[in-house]
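Student: I have a new structure to look at and would like to go through it with you. Can we take it step by step?

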Amino acid sequence: MTPTTMAPIKSVQELKGAPEEYQTALRKIVRSHAVNELYGAQVFDEPAIALAPTPYAKWLTCRVAMEEYGHHVRFRELGEQMGIPAAEMTPAGKRPLSIFEFPLKTWEEFCVIKLLADLAEILQVEDLLSCSFHPLRNLARMTMPEERFHAQFGKDFCTELCRTAEGGARVQDAIDRYYPMLPAFFGKAGSKNNEVFRKYGIKQRPNEAMRADYVTRARALVQDHLGLRLPEVAPEAA
Ligand SMILES: [Fe+2]
Ligand SMILES: [Fe+2]
């Protein structure tokens, strides 16, 4: 389906006159970002401060945690302006993405999550950079440099860990356990929600195209850059 040329909606005020289907679709996206940013900050980024091995690593991890909580705050504020009840924008009562059900135990796990889960987040945010709803597009533009910093943080610390055989083995073990949950983050092929998002120019690409792009970019990082193995994930499991 080719996206329609939806006239840009420049403000939350203007949104009130837009089709109900468009408003509902936007609420879904804003709510899911608000929930996932908070979930991730609570389950991964804040606990990682205690696991970081050096003052320098703790300092950067604090910055990452601050920014992830900040992303939740920004998405929640936009959601509130759009009329989403605050209770719907916290993890309480929401079925979490599977990755959030495995609490962080090691520093290597955190570095791998930043390397690979934040790469997935970058693809999602990139897709919103030309969103027809300008407040969401602007939020994506503000968030993007921070998500890039998080992924770079993951890449830098994983690279450092992989300098020793033992460190490389721990990074590989974390990749083997966390990566298989990530391709599912992009949703099902042929998704009805995604069709609506594209119809209104909220998102630009089908889920399956984003997932294929993600797997290619993850493979370049894990295999070509780190010299490790990326587990095969069957498309039907993704
Ligand atoms: Fe984030
Ligand atoms: Fe992030």
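Tutor: First a term: helices (H or I, at least four residues) and strands (E, at least two) are DSSP runs, numbered from the N terminus. From the N terminus on, the elements of the protein chain then read α-α-α-α-α-α-α-α.

Student: How many helices and strands does the protein chain have?

Tutor: The protein chain has eight helices and zero strands.

Student: What should I know about the model and the numbering?

Tutor: This is a predicted model, in which local features need pLDDT of at least 70 and side-chain atom pairs count only at pLDDT 80 or more, while totals for chains, interfaces and linings use all residues. Residues are numbered from 1 along each chain as its sequence is written, chains are lettered from A and ligands numbered from 1 in the order in which they are written, and side-chain values use heavy atoms, with hydrogens and water left out.

Student: What is the radius of gyration of the protein chain?

Tutor: The protein chain has 18 Å, which agrees with the value near 18 Å for a compact globule because the chain has 238 residues. The radius is taken over C-alpha atoms, and the globule rule is 2.2 Å times the number of residues to the power 0.38. Along the principal axes, the C-alpha atoms fill a box of roughly 60 × 35 × 30 Å.

Student: And what percentage of the residues count as buried?

Tutor: Of the 238 residues, 50% count as buried. Buried means under 20% relative accessible area, exposed over 50%, and partly exposed in between (1.4 Å probe, protein chains only).

Student: What about contacts between residues at least 6 apart in sequence?

Tutor: Among those contacts, 77% join residues at least 24 apart. A contact means heavy atoms within 4.5 Å.

Student: Changing topic: what coordinates the iron ion (ligand 1)?

Tutor: Its donors are Glu37 (OE), Glu37 (OE), Glu68 (OE), His71 (ND1) and Glu147 (OE), at 2.0 to 2.5 Å. Donors are N, O and S atoms within 2.8 Å of the metal (3.2 Å for Na, K and Ca); water is not among the atoms, so sites may look incomplete.

Student: What spacing do these donors follow along the chain?

Tutor: The donors of the iron ion (ligand 1) follow E-x30-E-x2-H-x75-E. Glu37 in helix H2 (residues 20-51) and Glu68 in helix H3 (residues 55-81) are 31 residues apart, and the pair links distant parts of the chain.

Student: Which residue bridges the iron ion (ligand 1) and the iron ion (ligand 2)?

Tutor: Glu68 does, and the two ions lie 3.4 Å apart.

Student: Are Glu37 and Glu68 buried or exposed?

Tutor: Glu37 is buried, and so is Glu68.

Student: OK, on to Leu26. Where is the place of Leu26?

Tutor: Leu26 is in helix H2. Leu26 counts as buried because its relative accessibility is 0%. Leaving out residues up to four places away in sequence, Leu26 touches Leu15, Met82, Phe133, Leu136 and Ile202.

Student: Leu136 is in that list. Where is Leu136 found?

Tutor: Leu136 is found in helix H5 (residues 134-161). Its relative accessibility is 0%, so Leu136 also counts as buried. Beyond residues up to four places away in sequence, the residues that Leu136 touches include Leu26, Phe75 and Cys131.

Student: Last one: which helix holds Ala218?

Tutor: Ala218 lies in helix H8 (residues 207-225). Ala218 counts as buried, at 0% relative accessibility. Apart from residues up to four places away in sequence, Ala218 touches Leu116, Leu119, Tyr179 and Leu230.
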